[in-house]
Amino acid sequence: MTMYGYVSGYYRDKVIKDPDFERRANVLLGSGIPIKNCFADGFRSNNKERYQLHKFFADVAKEGDILFVPDLTDLYSNIRELCCLMYDVERTGLVIKSGDMDLSNDSAASNWIIASQLAHLDYVHYLHKKRVYKAIKKAKYQSTLNTGGRNKRVITSQYKKAYEYLQTHTYNATQYKFNLSKSTLYRIKKQIEYKEQPINTHQSYDASRGSYNEE
């Protein structure tokens with residue numbers, strides 16, 4: 001069994017000042033734990049990763065070891081981190097001690113266990129609500145597609161009349177009569193003639209005429 005110590009917080013940050021970090025660090029140094037067994041993570045601006053704590057759990061912590069923290073909030077900042085911490089403590093068999101709690105399997109840690117489980121359930125519930133919200137948002141977006149209109153690739157009766165009229169008139173005349181753009185007329189002609197094209201019949205497109213020639 002080995003005694004370790006850990007503290008975290010903003011330290012000498014130009015934007016965020018946290019004098020409480022120095023107080024907790026002094027508590028850790030005054031606990032009698034050797035300096036070589038003490039770990040600390042100093043936050044910078046928006047970076048609140050606990051690199052040294054992760055390293056401790058991954059490479060150092062063993063079953064029965066004790067990790068002392070001046071304050072439990074040294075170990076986590078939100079529900080997600082609390083859940084991860086709960087799993088790490090269970091996995092390593094570590095004993096966590098703070099100023100007012102002794103967290104281990106053989107101690108009166110029922111409050112800690114209940115709080116951790118509730119935090120985990122709350123986070124799972126949050127993820128579920130987030131997935132539902134995304135699904136609803138996606139469904140609403142999908143419902144707005146082509147609202148009030150139709151798929152432009154559908155050949156309507158007006159398009160068919162325009163195509164029939166185009167067989168004996170120029171594009172300009174057809175465009176003027178049916179109030180359609182030339183690009184739309186090209187598309188209508190291509191769609192209808194492609195559907196009517198016999199199987200195994202090869203066609204070449206005549207750009208000057210805007211039509212297909214069978215080969």
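Helix H6 is followed by asparagine 179, whose phi is positive, near 55°. Helices here are DSSP runs of H or I with at least four residues, strands are runs of E with at least two, and both are numbered from the N terminus. Keep in mind that this is a predicted model, in which local features need pLDDT of at least 70 and side-chain atom pairs count only at pLDDT 80 or more, while totals for chains, interfaces and linings use all residues. Residues are numbered from 1 along each chain as its sequence is written, and side-chain values use heavy atoms, with hydrogens and water left out.

Let's step back into H6 itself, residues 171-178. Its buried residues (under 20% relative accessible area, with exposed meaning over 50% and partly exposed in between, for a 1.4 Å probe and protein chains only) are Tyr171, Thr174 and Phe178. They cover an arc of only 65° around the axis, which puts them on the same side of H6; the arc is taken from the directions from the helix axis to the C-beta atoms. The face turned away from that buried side carries the exposed residues Tyr176 and Lys177. Lysine 177 also lies over the face of phenylalanine 178, at 5.9 Å from the ring centre (the rule asks for NZ of Lys or CZ of Arg within 6 Å of the ring centre and within 35 degrees of the ring normal).

Now turn to helix H2, residues 51-60, where Leu53, Phe56 and Phe57 are buried. Seen down the axis, these residues fall within an arc of 90°, so they line one face of H2. Tyr51, Ala58 and Asp59 are exposed on the other side. The buried residues of H2 pack against strands S1 (3-10), S2 and S3 (66-68) and helix H3 (79-92), with contact meaning heavy atoms within 4.5 Å.

Rings of Phe, Tyr and Trp (its six-membered ring) pair if their centres lie within 6.5 Å, and planes under 30 degrees apart count as stacked, over 60 as edge-to-face and the rest as tilted. The count comes to seven aromatic pairs. Tyrosine 4 and phenylalanine 39 form a tilted one, 6.3 Å centre to centre with 45° between the planes. Tyrosine 4 and phenylalanine 56 are edge-to-face, at 5.1 Å and 65°. Tyrosine 4 lies in S1 and phenylalanine 56 in H2, so this pair ties together parts that are 52 residues apart in sequence. Ring pairs link Tyr4, Phe39, Phe56 and Phe57 into a cluster.
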